[in-house]
Amino acid sequence: MKKLIIAMSAAAVMTGVVSCSKSSNNYDASEKALGDSLAVTFGNMMGQRFGEQLQQMQASNNPDFDKIDKSQIMRGIETVLNADTSNLSYLTGIQIGMQMMNTVIGGTQSGVPVDGAKMAAAFKAGLDTDSLNVAAAQAEYQRVQMSVQSLGDRKAAAAAAVQIEANGKAGAAYIDSIKAADSSVATTESGLSYKIENAGEGNKVTKADKVKLNYKGMTIDGNVFDETKENPLEMTAGNFIPGFTEGLEMLGKGGKATLYIPGELAYGEKGVPQINIGPNSTLVFEVEVVDITPAE
């Protein structure tokens, strides 16, 4: 009941200007002009805010974000903004319904179908009951919610295991094809495959050395996820992924090599979803050691 009171209070704030002010027919020209300015400037700001968020979401290459339909977004916004603002109960229902919709979406994403009609019927039953027991209802909901979360975790783990195995096989097949086509590609005991184009001069890199590097990192399908271009990176050699560090230790100043790094020597089973590196993905790095600063 407390949450319902809070929701109704919020809706009251939203409608307070209408309910406490003049009727829509009693505004003078300056008031209408100012109201129009408020509507246009706020609407434009909110539209651009969401447009910026939408661009950022789509730039993440998550296919779900490509399905966002601007016309449907506008349909929802217009439904709310064109609602009868004198009907406080209706606006309160919209607000609570929007909050409840998060559970419908969240349950579906976790792998269970959530029936909105059943949720609405259960809400009505809870609202109309004379024997309120919010604590018990909350405890029962949390119990079910934990079961849903557990199911989602199991499904995610199963899907990840399939992806881990598939990426491992794809990476191994890719490296085998590279070695079959180029006999100069060698493999270390750890599983790192490499081709040295130039071993460089002087002492080889050690894990404690600071190195200045040019490099390009790619997935086996050729997607470039990181590249220094004209801005060499300076970092301690031991702070890279294991396969990269091992490759650097074969090179001196000016050395160049291509490293074929299997998933277990790269980002492991977690991968880096933010830059489209899947779990257990094999990576390819073209690397050049620009300079070496020996450890003290």
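How many helices and strands does the protein chain have? The protein chain has 7 helices and 7 strands, where helices (H or I, at least four residues) and strands (E, at least two) are DSSP runs numbered from the N terminus. This is a predicted model, in which local features need pLDDT of at least 70 and side-chain atom pairs count only at pLDDT 80 or more, while totals for chains, interfaces and linings use all residues. Residues are numbered from 1 along each chain as its sequence is written, and side-chain values use heavy atoms, with hydrogens and water left out.

**The whole chain**

Begin with the chain in a cartoon view. Read along the sequence, its elements follow the pattern α-α-α-α-α-α-β-β-β-β-β-α-β-β. Of the 296 residues of the protein chain, 23% count as buried. Here buried means under 20% relative accessible area, exposed over 50%, and partly exposed in between (1.4 Å probe, protein chains only). The accessible areas come from the Shrake-Rupley method with a 1.4 Å probe, and for residues only the protein chains shown count as cover.

Select Leu-38, Phe-42, Met-45 and Met-46, which make a nonpolar surface patch of about 400 Å². Patches are made of residues with over 30% relative accessible area and no salt bridge; like charges are joined within 9 Å, and nonpolar side chains (Val, Leu, Ile, Met, Phe, Trp, Tyr) within 5 Å. Phe-42 belongs to helix α2 (residues 29–59). With a relative accessible area of 48%, Phe-42 is partly exposed.

**Salt bridges**

The structure holds 5 salt bridges, a salt bridge being a side-chain nitrogen of Lys or Arg within 4 Å of a carboxyl oxygen of Asp or Glu. Next, select Lys-124 and Asp-128, whose side chains meet in a salt bridge at 2.8 Å, N to O. These two residues are 4 residues apart in helix α5 (residues 116–128), and so are separated by about one helical turn. Lys-124 counts as exposed at 52% relative accessibility, and Asp-128 as partly exposed at 44%.

Move on to helix α6 (residues 134–181), where Lys-169 and Glu-165 lie 4 residues apart, about one turn of the helix. Lys-169 forms a salt bridge with Glu-165, and the closest N and O atoms are 3.2 Å apart. Lys-169 is exposed, its relative accessible area being 55%, whereas Glu-165 is partly exposed at 47%.

Now select Asp-182 and Lys-195, whose side chains meet in a salt bridge of 2.8 Å, N to O. Asp-182 lies in the loop between α6 and β1 (186–187) and Lys-195 in strand β2, so the pair ties together parts that are 13 residues apart in sequence. Asp-182 is partly exposed, with a relative accessible area of 22%; Lys-195 is also partly exposed, at 27%.

**A negative patch**

Strand β2 (residues 193–198) also contains Glu-197. Select Glu-197 together with Asp-226, Glu-227 and Glu-286, which form a negative surface patch. Glu-197 is exposed, with a relative accessible area of 54%.

**The aromatic cluster**

Which residues do ring pairs link into a cluster? Show the rings of Tyr-215, Phe-225, Phe-240, Phe-244 and Phe-285, which are linked in this way. Rings of Phe, Tyr and Trp (its six-membered ring) pair if their centres lie within 6.5 Å; planes under 30 degrees apart count as stacked, over 60 as edge-to-face and the rest as tilted. By this rule the count comes to 6 aromatic pairs.

In one of them, the ring centres of Tyr-215 and Phe-244 are 5.8 Å apart and the planes stand at 75°, so the pair is edge-to-face. Tyr-215 lies in strand β3 (residues 210–219) and Phe-244 in helix α7 (residues 242–248), so this pair ties together parts that are 29 residues apart in sequence. Both residues, Tyr-215 and Phe-244, are buried.

Phe-225 and Phe-285 form another edge-to-face pair, with 5.7 Å centre to centre and 90° between the planes. Since Phe-225 lies in strand β4 (residues 224–227) and Phe-285 in strand β7 (residues 283–293), the pair ties together parts that are 60 residues apart in sequence. Phe-225 and Phe-285 are both buried.

**Last stop: Ala-266**

Finally, select Ala-266, in the loop between β6 (256–261) and β7. Ala-266 counts as buried at 10% relative accessibility. Its C-alpha atom is separated by 7.1 Å from that of Leu-283, 17 residues apart along the chain.

Key: Lys, Arg positive; Asp, Glu negative; His and termini not counted. Charge placed at Lys NZ, Arg CZ, Asp CG, Glu CD.
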